[in-house]
Amino acid sequence: MTSVIEPEQLPIWVPGQLTVRSSDSGWDGISVRGYSYAASDVLVPPIRDFMIVAYRRGTTSMRRRVDGQWLEERLVPGDVSLLTRAADSHWVWDTDIEVVHVYLTQAELAATCEQMYERDVQDVELHDEVKADDPAIHRTAMLLAQEAAHGGAGSSLLVESLSCQLAVHILRRHAHVLFRERHTGDGLSFPQERVVRDYIQEHLGENITLEDLASSVGLSRYHFARRFRVSTGTTAYEYVLQQRVARAQTLLTRTNESLINIAVTCGFADQSHFNRVFKKHTGVPPGQYRKHSRPRSTP
């Protein structure tokens with residue numbers, strides 16, 4: 001099997017007239033290329049990204065084979081075809097057509113999926129659909145094509161919004177998602193991690209106990225300590241110290257607060273404890289860190 005190709009290499013195997021293309025900047029995780037095609041019979045190598053084909057002009061009979069099975073549909077303007085990433089495909093159409101290709105990277109779709117379901121994603125695969133009955137995808141593809149052609153103020157924001165909208169819609173209706181399994185003894189869930197991190201930030205100047213952290217997510221101290229270490233790679237105690245040092249670094253750089261006040265604000269037992277922990281984590285004592293981290297004034 002041929003190694004995966006990038007979207008811009010497709011014309012090598014599927015010759016056509018380029019009608020529109022997205023910019024190389026401001027389009028993260030998504031790209032657009034439009035083509036006018038004559039009737040064709042083409043073998044397409046696996047493409048790196050997920051592909052959405054939105055039909056713009058022309059009515060045709062479309063035959064496509066992926067994984068050995070031929071599918072055939074009558075396609076008209078407004079229709080959409082979907083092709084999963086990294087799959088060999090064979091396409092045959094009998095009349096001239098104009099299309100818009102929208103490509104979503106694996107990283108973009110997986111990241112959106114993880115945010116939607118708050119779970120680790122192992123793999124995403126689009127359904128094999130020569131004709132996806134979904135006008136919403138076609139409308140979004142046309143808006144992206146329009147933005148690729150004309151752009152303007154706020155273009156990157158609009159593209160980001162349309163990309164997120166498209167990814168969510170496809171994941172809901174046209175994709176199979178394989179999640180990484182969590183077994184007993186695994187780490188905290190994404191929501192639990194967020195609760196714990198938020199709790200630590202909100203109570204950093206206080207005496208945070210293991211019981212406090214465990215109670216915030218409804219676990220026993222034993223189960224919380226074990227799961228927290230799996231999730232973060234460190235103990236809860238060490239993580240809290242890291243956050244205290246990080247906040248102290250910010251205060252040392254951006255404020256004129258005294259060292260003793262910073263020690264209290266960040267939850268250290270006293271200035272001696274502050275000095276000892278800060279130097280262990282940064283290599284220098286707080287006073288020296290402040291001296292060297294601030295920009296020198298010019299005469």
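User: What makes Met62 and Val130 contacts of Leu71?

Analyst: In this predicted model, contact means heavy atoms within 4.5 Å. Leaving aside neighbours within four places in sequence, Leu71 is in contact with Met62, Arg63, Arg64, Asp128 and Val130. Leu71 itself is found in strand E6, residues 69-75.

User: Why is Leu71 called partly exposed?

Analyst: Its relative accessibility is 26%. Buried requires under 20% and exposed requires over 50%, so Leu71 at 26% counts as partly exposed.

User: How far from Leu71 is Trp91, in sequence and in space?

Analyst: The two are 20 residues apart in sequence, and their C-alpha atoms are 9.8 Å apart. Trp91 is among the residues of a core of 22 residues, along with Ile5, Ile47 and Val53.

User: Which residues have the most contacts inside the largest nonpolar core?

Analyst: They are Val32, Ile52, Val102, Leu144 and Leu166, in a core of 34 residues. Leu166 is in contact with Ile30, Ile52, Val102, Leu104, Ile137, Thr140 and Leu144, leaving aside neighbours within four places in sequence.

User: Why is helix H2 called roughly antiparallel to helix H3?

Analyst: H2 (residues 135-150) and H3 (residues 155-173) pack at an angle of about 160°, with their axes 10 Å apart. Angles over 145 degrees count as roughly antiparallel, so that term applies to H2 and H3. Their crossing is left-handed.

User: Which residues of H2 and H3 meet?

Analyst: From H2 come Ala136, Ile137, Thr140, Leu143, Leu144 and Glu147. From H3 come Ser155, Leu158, Val159, Leu162, Gln165, Leu166, His169 and Ile170. The residues of this contact divide into 9 nonpolar, 4 polar and 1 charged.

User: How do you know whether Gln192 is buried or exposed?

Analyst: Gln192, in helix H4, has a relative accessible area of 18%. The limit for buried is under 20%, so Gln192 is buried. Gln192 touches Val217 and Leu219, not counting residues up to four places away in sequence.

How values were computed: Residues numbered from 1 in each chain as written. Predicted model: local features only at pLDDT ≥ 70, side-chain atom pairs only at ≥ 80, totals over all residues. Heavy atoms only, no water. Core = buried A, V, L, I, M, F, W, Y, C linked by side-chain atoms within 4.5 Å. Buried < 20%, exposed > 50% of the residue type's maximum accessible area, 1.4 Å probe, protein only. Helix = DSSP H or I, 4+ residues; strand = E, 2+ residues; numbered from the N terminus. Axes fitted to C-alpha atoms, helices over the stretch in contact; angles between N-to-C directions. Parallel < 35°, antiparallel > 145°, perpendicular 65-115°, else oblique. Left-handed = near helix turned anticlockwise from the far one by under 90°. Nonpolar A, V, L, I, M, F, W, Y, C, P; charged D, E, K, R; others polar.
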